[in-house]
Amino acid sequence: MSCGCKTSGDSAHSCGTKSANGCESVNTCGNSYKLSVFDWLSNVQNPASNRCDYVEVRFKNDRKSFYKNVNNIPLHIGSVVTVESSPGHDVGVVSLTGELVKIQMKKKRFSDEGSFKIYRLANQKDIEVWQEARKKEETVKVDARKISHRLGLEMKITDVEYQGDASKVTFYYTADNRIDFRMLIKELAGTFRTKIDMKQIGFRQEAAKIGGIGSCGRELCCSTWLTDFRSVNTNVARYQQLSINPQKLAGQCGKLKCCLNYELDSYLDALSHFPSSSTMLDTEKGRAFCIKIDVFKKKMWFAYVDSSMAWYDFDIDLVKKMIAQNKKGERILPLEDLKVPDIALPSVDLIQENSVDRFEKKNRGGGFNKNRNPNQNSNQNRPNNNQGPRKDRPERNDRNERPQKTDRPATDKSANSERPRNTNPNAKPNQNPNQRPPKPQQQSQQPKVQVENTEAKVNSDERTQPPKKKFKKKFPPKKDNNV
């Protein structure tokens, strides 16, 4: 059983009424918050002996009405009831009971004379007929649009509502001008074999019935909580210093947005402290006029009539003093002399927006490994000048393990004759004659090693590359002259 939300009658869109006080969560009753009602007197006992006999019943979309509980049926929020209608009966859902119904009736100026009554709680047969009629509404709307288009009527059928017993269909339409739909009613009655009722609604009511997402990113106010539609004109946008752009100021209904009225009172209160926007100032350089107003900063921009390219902003207190000086018949100084240079306040970057490395992890405390050898990085970063293969040197023994030189006698001529003589004339006198000169062959061997390395790289690259595939040439088939 459905709770009677905007999609009431369809069990797939039920919000799951679990208690006699209504929905379990007030803000999740279907997809229309405007129809959901919170009975804040549900837990309070009525001290008065007389009890309110009226209940509020809602139907599809935003249609509500008040019915009298003649038979004293125990009703609560969410009960599906069968009510009196003209003709036949209708099926709806109870949205409010108790003393709050009296307040709503007084607010909407509902008269007790022509009120209908509640027959009974809806049985299974009433609910089945009601749901079957609700399923046909979409196809009926499409067929009705085709018929109106064929007849050439400048109207738009926005919604269709079946009565609970399927004895009447109500068509909601929008149109700019008056429509003569007598031929349309004949066509619709002959097609659907039921009573036809036509109701014209405004474009704002159409947007409220259809719903949607506004430019602010939220659901439309008219389809969620807004119940009255106040007139909005372009003066509202001018008071709020908005550009008169129809594409930005218009909503989905094609009219000015209802939210323009929300802050209008605050703007009017702030503008009451401002001088008139048509204020003219007499200066020694010429006349100046107001070109812009900033409500939040409480400033006014002025420019010369002759040259309006340069703008000068002043506080409203200073503007009032200049106006008072002009009323005395005195001219004020030029605007550029009265303009006080703005002092640039030092900006503090609290969240480090301008820092490029704000997302990088800084090395605090000398790194993660404190026991790391500091000389390790210096040895690793040294460039290796010897590009050739490095030969393993034999390990040197300690000095104590070296063989000691034997004392040779000075008279040994054979030993002195075997010593190599220093034949280099450029040798220094302190240089050890036994020290060997550097080998010049190492420098000549380095380019050879580089060539060998490059050849080895080329050979390795050739091995890693896959072999190239040889494709055979495809010749076109020969033409057969006999064919």
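Trainee: What makes strand β1 (residues 54-58) largely enclosed by the rest of the structure?

Mentor: Buried means under 20% relative accessible area, with exposed over 50% and partly exposed in between (1.4 Å probe, protein chains only). In β1, 5 of the 5 residues are buried, so the strand is largely enclosed by the rest of the structure. Keep in mind that this is a predicted model, where local features need pLDDT of at least 70, side-chain atom pairs count only at pLDDT 80 or more, and totals for chains, interfaces and linings use all residues. Residues are numbered from 1 along each chain as its sequence is written, and side-chain values use heavy atoms, leaving out hydrogens and water.

Trainee: How do you know that both faces of β1 are covered?

Mentor: In a regular strand the side chains alternate between the two faces of the sheet. Here Y54, E56 and R58 lie on one side, V55 and V57 on the other, and all are buried.

Trainee: Why are β1 and strand β2 (residues 64-68) called paired?

Mentor: Strands are DSSP runs (E, at least two residues; helices are H or I, at least four), numbered from the N terminus. Two strands pair if DSSP finds at least two bridges between them. β1 and β2 have 5, in the antiparallel sense, so they pass. E56 stands opposite F66 in β2.

Trainee: And what joins β1 to strand β4 (residues 89-96)?

Mentor: 3 bridges, again antiparallel, so that's a pair under the at-least-two rule. There E56 stands opposite L96.
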